[in-house]
Amino acid sequence: MHKASRALLNQAKRIAKAMFSIPHHYVIVLEDAIDRTTYTEAHLWWRDSNDPDKGMVVVTLAMPEGRLLEFERFECEEPSVLKGSQPQEALSIDQRRQVAEAFLMTHAPGFKTDFPQLHDEGFKGFTRFTWSQTVAGLPLPDTGLHIDVDARGRIKAFRFKGKRVRLPSPPAQLRSREEVLQEAKRALNATLMLAHFDPKLYLLPQDGLGETRLVYWIEGLWPLPADADVPGPAYNVHVSSPKKPRLLPLKASSDTVVLGQEALESFLEHVSGDLNRYPRRGMDWEDGRRVVWLKETYADYISPDLWPTPDVLLRPAVPSESQPSHQAKTFAQFFEALFNFHVAQMTVCKASGRLLGFIRFSHEDETKRVISGPKCLPHAVLKARAVAFVQRVFPEAHRYLFLVDDEDALDSPTIPQEGPGEASGDSPNQIFRFEAFIDGIPLYLFSCFVTLRRTDGRIVAYMSTDTHPSIFLATPKTPRVTREAALARVTQELDIRLEWEQIPEGERNDIALFYRPYFPQGTIRFIDAFSSEPIRERYP
């Protein structure tokens with residue numbers, strides 16, 4: 001790092017510590033300077049040195065003036081970070097707004113003039129107040145600032161986005177609101193599906209049917225152009241392909257399904273190459289067990305309870321004999337460690353022993369060898385290996401899974417069908433997707449992905465779902481509500497509102513006025529196929 005950048009970062013640390021009371025046992029774990037057009041961004045991350053999982057403070061300043069661009073605080077016990085006393089009792093929304101405004105008067109003076117539009121939004125544990133720049137009385141995207149205040153009046157996060165220089169012009173004539181609303185209703189679609197709902201994320205009807213349900217999934221809630229001179233749909237807002245991928249059923253396999261940590265370790269080391277020469281670490285992780293294969297140079301410095309997440313890279317570095325004192329990472333060093341810290345990782349379900357996920361990290365030297373090395377295997381060979389792998393790690397795969405035979409969707413790039421082909425420089429890997437069905441009914445978000453190296457067919461990655469499709473076997477599968485009735489229930493609450501939005505596939509500064517569909521009583525994502533009751537998102 002240049003001396004000028006080092007001096008600027010030292011100045012930024014002094015300014016940040018004057019703004020916020022950084023606990024004395026926090027150490028700087030990342031510091032970097034990024035040049036922008038008119039200023040330099042100083043990024044500073046502090047971490048709790050006693051227990052790195054308990055606390056972190058992130059500050060970004062515009063230097064050399066020291067203007068606050070971003071502040072974020074992550075803490076388990078959440079001791080006070082801001083200077084001064086903090087109220088301990090729950091505050092009303094208005095009181096939280098006053099706390100936010102007091103903070104902004106210091107760190108973003110003039111915010112009410114520059115960003116007149118205020119919007120507050122409730123999240124779990126905090127309220128977000130957003131002030132935006134406006135045109136025609138409507139907020140512009142990616143402008144202004146937001147600030148998060150928790151129930152006790154503590155600032156959890158702040159981000160300054162700034163003002164938009166090139167302002168859009170409102171349309172000369174708006175499309176009829178009623179016309180667009182009817183168009184939005186016609187664009188809706190409802191697909192019968194089986195879904196498993198997390199009550200933490202969705203508001204379920206109080207009908208005793210539980211968390212696994214037969215529902216209609218609602219889609220087609222796309223924004224529609226508001227300009228009368230731009231007939232909708234336009235701007236490629238919702239372009240759908242008429243091509244439907246083929247679904248290929250899997251045949252029953254006589255191979256034994258591999259279950260359990262030790263068996264899966266041996267199996268993955270076999271199908272993914274030379275993993276057995278790397279040291280392993282294991283750790284309980286939520287409802288699963290995680291295992292990583294580490295590079296040998298890192299193995300002695302990563303304790304078993306620290307390795308499982310990239311978050312470990314932000315922990316204070318282990319001092320060496322040649323460098324006895326702690327030294328923070330730059331962003332470049334962070335990402336270098338991120339991609340070189342471990343070789344592979346797998347996650348196993350504790351209850352069933354089923355493989356939930358696996359990834360073999362590609363390192364630059366290995367990728368170069370693959371791309372410039374041997375020819376690709378035929379597509380049919382890779383497909384057969386993907387199917388064989390799924391049958392070994394997914395119990396009763398032939399009962400539930402179908403291979404999505406859609407090369408244009410995920411293959412990168414297309415591989416010749418007849419004999420080996422030359423490896424392309426675009427990607428060394430090929431991805432195959434499997435979707436789950438029961439009695440012809442698709443399962444919502446029950447997909448499996450298998451990634452293979454195109455030159456030798458080694459397994460590079462696998463991703464499954466936390467739950468198995470068998471949880472739906474007892475779920476009733478004959479709907480009492482028709483698709484038309486489900487759509488009618490949705491349209492009862494559907495409304496539209498004017499919003500400035502980024503034009504899809506346009507330049508970054510291209511925005512236009514759209515009518516966006518929404519539900520005033522809460523976002524509806526599903527309609528229960530037995531009661532026609534809406535299932536809403538719990539949080540926005």
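**Close-up views of selected residues in a predicted model**

**View 1. Exposed residue D439 in a loop between two strands.** At 67% relative accessibility, D439 counts as exposed because this value is over 50%. The model shown here and in the views below is predicted. D439 is placed in the loop that runs between β21 (429-438) and β22 (441-453). Its backbone carries a positive phi of about 55 degrees, although D439 is not a glycine. Most residues other than glycine have a negative phi.

**View 2. L445, a strand residue with positive phi.** L445 belongs to strand β22. Phi of L445 is near 55 degrees, a positive value in a residue other than glycine. With a relative accessibility of 62%, L445 is classed as exposed, since the threshold for that class is over 50%.

**View 3. The cis peptide bond between M63 and P64.** M63 and P64 are joined by a peptide bond in the cis form, with omega at about 15 degrees. P64 sits in the loop linking β3 (55-63) to β4 (67-75). Most peptide bonds are trans.

View 4. Helix α2, covering residues 93-107, contains E101. The relative accessible area of E101 is 14%, so this residue is buried, the limit being under 20%. Which residues does E101 contact, leaving aside its neighbours within four places in sequence? The partners of E101 are F111, K112 and W131.

**View 5. T256 and R392, separated in sequence by 136 residues.** T256 occupies the loop between β15 (246-249) and α5 (261-271). Although T256 and R392 lie 136 residues apart in sequence, their C-alpha atoms are separated by 6.5 Å in space.

**View 6. Buried cysteines C349 and C448.** The relative accessibility of C349 is 14%, and this residue therefore counts as buried under the 20% limit. C448 also counts as buried, because its relative accessibility of 2% is under 20%. A disulfide is a covalent bond between the sulfur atoms of two cysteines. How many disulfides does a search of the whole structure find? The search returns zero disulfides.

Note on methods: Residues numbered from 1 in each chain as written. Predicted model: local features only at pLDDT ≥ 70, side-chain atom pairs only at ≥ 80, totals over all residues. Heavy atoms only, no water. Helix = DSSP H or I, 4+ residues; strand = E, 2+ residues; numbered from the N terminus. Buried < 20%, exposed > 50% of the residue type's maximum accessible area, 1.4 Å probe, protein only. Contact = heavy atoms within 4.5 Å. Disulfide = S-S within 2.5 Å.
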